[in-house]
Amino acid sequence: MTQELQSFLESCPPDLRADCASGILLAAERFAPTKRWHIDTILRVLTTAGTHVRDDAVANLTQLIGGAQELHAYSVRRLYSALADDISQQPLVQVAAWCIGEYGDLLLEGGCEETEPLQVEEEKVLALLEKVLQSHMSLPATRGYALTALMKLSTRLRGDNNRIRQVVSIYGSCLDVELQQRAVEYNTLFRKYDHMRAAILEKMPLVERGGTQDEEAKESKEAQLSEAALVATEPQASKLLDLLDLLDGTSGAAQPPPAPEPSPGGTLVHLLDLPCASPAPASIPNLRVFEREGLQLNLSFVRPPGTPALLLITVTAINTSGADVTHFVCQAAVPKSFQLQLQAPSGDTVPAQGGLPVTQLLRILNPNKAPLRLKLRLTYNHFGQSVQEIFEVNNLPVETWQ
């Protein structure tokens with residue numbers, strides 16, 4: 001069926017290409033028999049109708065290639081050939097630039113038996129990426145991928161890096177601010193921190209995958225996490241659990257908080273349409289999210305009336321045991337639809353016997369008013385042992401996001 005859809009995609013009217021490409025990608029995501037078939041299918045869609053694919057196609061393919069170590073050489077050769085043939089399909093160019101930057105050394109080795117013999121020289125690879133940078137068809141994001149790929153090749157190629165340094169220097173005065181900043185930073189790496197360049201530009205680690213295509217796998221993962229965390233959740237929170245892991249999804253099962261009954265005075269003001277002072281924001285109950293050997297972690301919440309999308313969370317660490325908790329560090333992460341700013345903590349030692357607690361402020365911006373999920377990582381020393389705890393907080397009060 002996928003072969004038929006791909007044949008149709010090549011000749012279908014432009015207004016149907018987006019739906020057809022999306023359907024092929026969804027089917028491949030769900031029913032791919034092998035990773036190689038999956039990669040080949042996405043590459044064919046990007047080559048045929050790259051400008052009509054979903055926005056997450058680039059991230060999904062880079063994630064897929066990054067997780068298939070046995071196919072790195074195959075993927076980089078296929079993408080290099082596709083890029084040499086056509087640089088107009090922007091998603092394809094972005095994936096190819098990323099893959100060449102990550103696995104350019106495999107492209108030059110020439111030991112892949114799954115593709116036709118391909119003689120690639122360093123100069124040709126650099127010339128192709130420069131062509132992408134100079135093309136009027138390249139979007140600013142595409143040029144960013146190409147510039148980063150050139151920079152990564154400076155640690156993967158065995159030749160002289162002068163050509164790469166010259167290209168990076170040119171874009172240090174680019175009109176596009178994002179590209180200019182990236183070029184200036186790369187220039188600084190060459191000039192001041194050349195001894196750290198190889199470590200900074202090493203291969204990207206595999207990151208966790210997000211998106212609606214992984215719903216079933218993530219539902220299973222969430223169930224395991226909730227059991228391991230031993231956090232008692234309310235029935236409403238358990239209903240939200242699966243949907244929260246979609247990161248950007250909206251919840252149809254979530255029930256809004258009951259509206260307060262209007263007081264007679266409030267009704268009178270409404271009827272007469274008289275100006276009145278804004279009511280004070282309702283207090284949000286505190287939440288204890290962690291307790292082990294006398295160390296407790298509590299969360300308190302404030303939503304400033306003037307900025308309804310902003311949530312302030314104060315993390316308070318209390319130690320009731322007989323030994324100090326030292327080198328205490330609390331780190332937090334939120335789904336990609338949120339913005340998180342971590343303020344500096346008040347200290348890194350939580351004194352014993354209920355001494356002065358350590359506090360830290362989290363500023364979370366939730367413009368979509370989506371259900372909030374928080375992942376915390378604690379590292380500290382207690383009773384002579386180094387402890388690390390990673391857990392998710394899924395039972396935040398609904399007042400924190402509605």
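**Entry 1: Asp 40 and Arg 78.** I looked up Asp 40 in this predicted model and found a salt bridge to Arg 78, with 2.8 Å between the closest N and O atoms. The two residues belong to distant parts of the chain, 38 residues apart: Asp 40 is in helix H3, while Arg 78 is in helix H5 (residues 72–85). I then checked accessibility. Asp 40 has a relative accessibility of 22%, so I noted Asp 40 as partly exposed. Arg 78 has 30%, so Arg 78 is partly exposed too.

**Entry 2: Arg 36.** I asked which residue Arg 36 forms a salt bridge with. The partner is Asp 40, and the closest N and O atoms are 3.9 Å apart. The cut-off is within 4 Å, so this pair counts. Both residues sit in helix H3 (residues 35–49), where 4 residues, about one turn of the helix, separate Arg 36 from Asp 40. Arg 36 is partly exposed because its relative accessibility is 31%.

**Entry 3: Glu 178 and Arg 182.** I moved on to helix H10 (residues 177–191), where Glu 178 and Arg 182 lie 4 residues apart, about one helical turn. Their side chains form a salt bridge at 3.1 Å, N to O. I read 48% relative accessibility for Glu 178, which means partly exposed. For Arg 182 I read 24%, also partly exposed.

Entry 4: I went back to shared partners. Last, I looked up how many salt bridges the count comes to. The count is 13.

Definitions and conventions
Residues numbered from 1 in each chain as written. Predicted model: local features only at pLDDT ≥ 70, side-chain atom pairs only at ≥ 80, totals over all residues. Heavy atoms only, no water. Buried < 20%, exposed > 50% of the residue type's maximum accessible area, 1.4 Å probe, protein only.
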